[in-house]
Structure formats: C-alpha cells, structure tokens
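Please open the model in your viewer and keep the selection panel at hand. The tour goes from one selection to the next and says at each stop what is there.

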Amino acid sequence: ALRGRPVLTTMFYTSCQMVCPMIVEAIRANENQLSSVEREKMAVLMVTFDPDRDSVAVLKATADKRGLSAPHWTLARCDAKSVRRMAAVLGIQYRQAADGEFNHSSTIILLDRDGRIAARTNNISGADPVFIKRIRSLLT
C-alpha cells in the first residue's frame, strides 16, 4: 500500500516506556529537518513486535495519544510468524523477556519507492545528518 514513495520504518511495541518513545522522537527529529513538501512525499510505518497485546484499537489509541496522524503515519500489526519474518528482512533483532517486555534493536530504516532498504540509522538521540541526506536523495 505504501509502494511508490519512500518509507521510514521501524518495529516497536506500545507498552514500551523507554526506547520505543525515543524511536518515535528520532523519526520526528529526522522529519523535522525536511521541508513540509518533502515530508508529504514519504510515509512512516511502525510495526509492533507484540501483536498479542497491540490490537488495532491499542495501536489507534497510541497513534492518537502521540499525535501520529494517518495517513502519513501507520502503526501496524501482523501475526507472530510474520513479525519474525519482517524483523529478519529488516535486520532488526528482538526477543521477548519473561516479563513480557521486548529487548530489541533501535533501528530506523529507509525503504525506497519499491520497498528495498536504502539506508538505516541506529541514532535515536536526534536527527542523523547522513540519514537525512539519504532520505532527500530518494525524494528527488
């Protein structure tokens, strides 16, 4: 559904209190370096590691609470087997701990217009100038 435009994608889970909110803010920081016209040419896709707890309603409530407006931002879920496959394709490592929390990579991935990985950043402390340059190269 997002084919035809660059997509910033990552994996997360809604009950995360530390890293996942930082990932959201890092995506915003990178986007804030782009013009509004540039931002309109791309999309953000976040897929949950936790489909058992992150129902469509929970994802919608999280998007509303954090101001992640559709159609630009998409918070998605799939079955556990597909989560594992998607993480492998994206090169994101994760595992569920005994307490139900997840340990996972903190990676933001740039997909090109055909869904191929074009760049990645592990910088979740703010905007990544090299990553932004690569985003811009796909928007021209």
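Which residues of helix H5 (residues 129–139) are buried? Select the helix in this predicted model, and then pick out Phe131, Ile132, Ile135, Leu138 and Leu139, which are the buried residues of H5. If you look down the axis of H5, these buried residues fall within an arc of 120°, so they line one face of the helix. The spacing has a simple background: an α-helix has 3.6 residues a turn, so residues three or four places apart point the same way. Now turn to the face of H5 that looks away from the buried side, where you will find the exposed residues Pro129, Val130 and Lys133.

Is Asn30 buried or exposed? Its relative accessibility is 1%, and Asn30 therefore counts as buried, the cut-off being under 20%. Leaving aside neighbours within four places in sequence, Asn30 is in contact with Ile108, Gly126, Ala127, Asp128, Phe131 and Ile132. Two of these contacts, Phe131 and Ile132, are residues that you have already selected on the buried side of H5. Draw a distance line from Asn30 to Asp128 as well, because the two residues are 98 positions apart in sequence and yet 6.5 Å apart in space, C-alpha to C-alpha.The next selection is helix H3 (residues 56–66), where Leu59, Thr62 and Ala63 are buried. These residues cover an arc of only 100° around the axis, which puts them on the same side of H3. On the face turned away from that buried side, H3 carries the exposed residues Ala57, Lys60, Asp64 and Lys65.

In the loop between H3 and E3, select Pro71, and look at the peptide bond that joins Ala70 to Pro71, which is cis, with omega at about 5°.

Move on to strand E5 (residues 102–104) and select His104 there. With a relative accessible area of 16%, His104 is buried. Which residues does His104 touch, not counting those up to four places away in sequence? They are Met11, Tyr13, Val19, Cys20, Ile23, Phe49, Gln93 and Tyr94.

Finally, show the whole protein chain, which has five helices and seven strands. Buried residues make up 46% of its 140 residues. Of the contacts in the chain with a separation of 6 or more, 70% are between residues 24 or more positions apart. A compact globule with 140 residues would have a radius of gyration near 14 Å, and the protein chain, with 14 Å, agrees with this.

Key:
Residues numbered from 1 in each chain as written. Predicted model: local features only at pLDDT ≥ 70, side-chain atom pairs only at ≥ 80, totals over all residues. Heavy atoms only, no water. Helix = DSSP H or I, 4+ residues; strand = E, 2+ residues; numbered from the N terminus. Rg over C-alpha atoms; globule rule 2.2 N^0.38 Å. Buried < 20%, exposed > 50% of the residue type's maximum accessible area, 1.4 Å probe, protein only. Contact = heavy atoms within 4.5 Å. Arc of directions from axis to C-beta.
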